[in-house]
Amino acid sequence: MPEMTLIEAIRQAMDEEMARDPNVFIVGEDVGKRGGVFRATMGLYEKYGESRVIDAPLAELSIVGVGIGAALYGMRPICEIQFADYIFPAFNQIVGEAARMYYRSNGEWTVPVVIRAPYGGGISGGLYHSQSVEAFFAHVPGLKVVIPSNPYDAKGLLKSAIRDPNPVMFFEPKKGYRLIRGEVPEEEYLVPIGPAKISRFGRDVSIFAYGMMHYYALQAAEMLAQEGIEAEVVDLRTLAPVDKTTILESVKRTGKALIVHEDNLTLGYGAEVAAIIAEYAFTDLDAPVRRLAGPDVPGVPFSPPLQEWFMPNPEKIANAARELARF
Amino acid sequence: MEKLEYLDLYQQMVVIRRLEEVAAELYQKGKIGGFLHLYIGQEAVSTGLISARRPEDRVITAYRDHGVAINCGISANEVMAELLGKVTGCSRGKGGSMHLADVSKNFWGGHAIVGAHLPIAVGLALGDVYKDRKAVTICMFGDGATNIGFLHEALNLSKVWNLPVLWVCENNQYGMGTAVERASAVSEIRQKACGYGMKNEAINGMDVIEVRETALRILEEIRNGSGPQLLEIDTYRFRGHSMGDPERYRKAEEVHQWQENDPIGIYRRYLIGREVATEAELNEQDGLAEQIVQKAVEFAEASPEPSPEELYAHVYVEE
């Protein structure tokens, strides 16, 4: 099986879906001639032409609005928002329009649009190029929210997202674009949107994470294993709709739950996971649910030590899980 | 136009007028809840405009949408039922007044967030170009929407991608209670198209024939590749912004002055003056409209409410 980076897997997913379905097109800032600011769409403009890889003005609400309109028309648009931090001008279009169309029309209008955006810190991007935005959208019924943590899932989930009849928010951990490598089969496959995945089994403590934090959680679990602590790692992958079953199964096995995300703590995605565990697995718990998240500050600061302090990393995850395992 | 077509335009206008007058009464009786924005005074705008479209041309508009829905061919029954929140309404009661829609009539909805449907219209038009279909997207919005960013991005995109969109600003002189000149740097809305190098013009929206003929011409130009155009249609709403509007922002004389230009009165005089129809024939049309509206009320009142399980229906598309 060939090995590739996260971003290569994302590119391959779009390439294959564009080849399969002429209704699939990409629209975004600099996605065409430049091949995307992170090179996610590199080569696609040359291959599919300017009518299918469309350079849009710097106008996020329109990039998404056009995607919704074209999706209503029956197309399969992929809207790229250059950085997740830039998504807010389009917030109304996503939350007010895309998420609600199917409901408001009583099942008549579907919006099969994918909105891709690189998210996350640790790349010295500073306050406006490091944000995690998943909690805003995971709150909204009608949207699906997907965050892959590895190339295999990234490709399979993105292909599923493009084929999904619902609007899908697809957030990509940009720090992992070239850092995270993995095997991707040559033959066609899909990873379904919905199920979480237990990526490492263990009996002592469950670590729930997604995206870059899942990558770190696996490293933390490796460190803990050296000390004789067996951490189970669950890759949440689809944040909305949430896979309650897998979360609860894991907690019932280990009795201890650590939730990790780089988005700031308060009302972050971890709050929902913690609430699910508290509501449905209270009597299975051997320790309080623990969250490890970015601190409640307005953005990821630029200065290297400040950024380091902001971001969860394998050591911090291992420390939190160790404490929990010893509880 | 044949006589029947002239009469059909008249019929549509009086049905809208009567339907809304009756809706206002039902609102006051508490049978219609929420918000109700009447189109009374503006009937010639959508009637003339939509009479000029071909079936393949789609229409998308803002929240003052009852008239547009009727003109697009949604029945008075379905409109009235939707206003009452009944399951027989065109949006099965989930939408209400501001969210009438029926894609089978190529009517892509009323939209409640001012300006939010404009970029969506660009996407619909992009679909036509992508699929190589010759159709025009007619996107209607009020003067208030021309001061929000949606409009400017959407005009720019439609022009830079040369899309077949007819942007129609229904300038009814007030964004809710704020007069155009108090909210917009230019009170002649069409000037805003100039910044995007877009062909534009302004017409009198109280004259259904002027609206129709202008729309026929412009739609043909767009169909033949002129690129997007902006049409400002000047009009006036005779009622408040919505039912709960005390109208402190305008003088009664101003309203009366406009009411002398009632689009239905103007069109009656036009039809009689040109001997297209007699007064008696038009009165007969008024009677028919009255019947249609009364039947719509009966239909709506007799219709069932949505069942509780509809609350959770259509959140996600299940395959």
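The buried residues of α9(A) pack against β9 (197-200), β10 (205-209), β11 (231-235), β13 (257-264) and α10 (269-280) of chain A, where contact means heavy atoms within 4.5 Å. This is a predicted model, in which local features need pLDDT of at least 70, side-chain atom pairs count only at pLDDT 80 or more, and totals for chains, interfaces and linings use all residues. Residues are numbered from 1 along each chain as its sequence is written, chains are lettered from A and ligands numbered from 1 in the order in which they are written, and side-chain values use heavy atoms, with hydrogens and water left out.

Helices (H or I, at least four residues) and strands (E, at least two) are DSSP runs, numbered from the N terminus. Helix α9 of chain A spans residues 244-254, and its buried residues (under 20% relative accessible area, 1.4 Å probe, protein chains only) are T246(A), I247(A), L248(A), S250(A), V251(A) and T254(A). Just after α9(A), G255(A) takes a positive phi of about 75°.

In chain B, an open sheet of 6 strands has parallel pairing and the order β2-β1-β3-β4-β8-β7, two strands being paired if DSSP finds at least two bridges between them. Because β2 (107-110) and β7 (199-204) of chain B are at the edges with a single partner strand each, one side of each has no neighbour in the sheet.

| Helix | Strands touched | Angle |
|---|---|---|
| α5(B), residues 117-130 | β1, β2, β3 and β4 of chain B | about 175° with β3(B) |

Methods:
Buried means under 20% relative accessible area, exposed over 50%, partly exposed in between (1.4 Å probe, protein chains only). Axes are lines fitted to C-alpha atoms, for helices over the stretch in contact, and angles run from 0 to 180 degrees between N-to-C directions.
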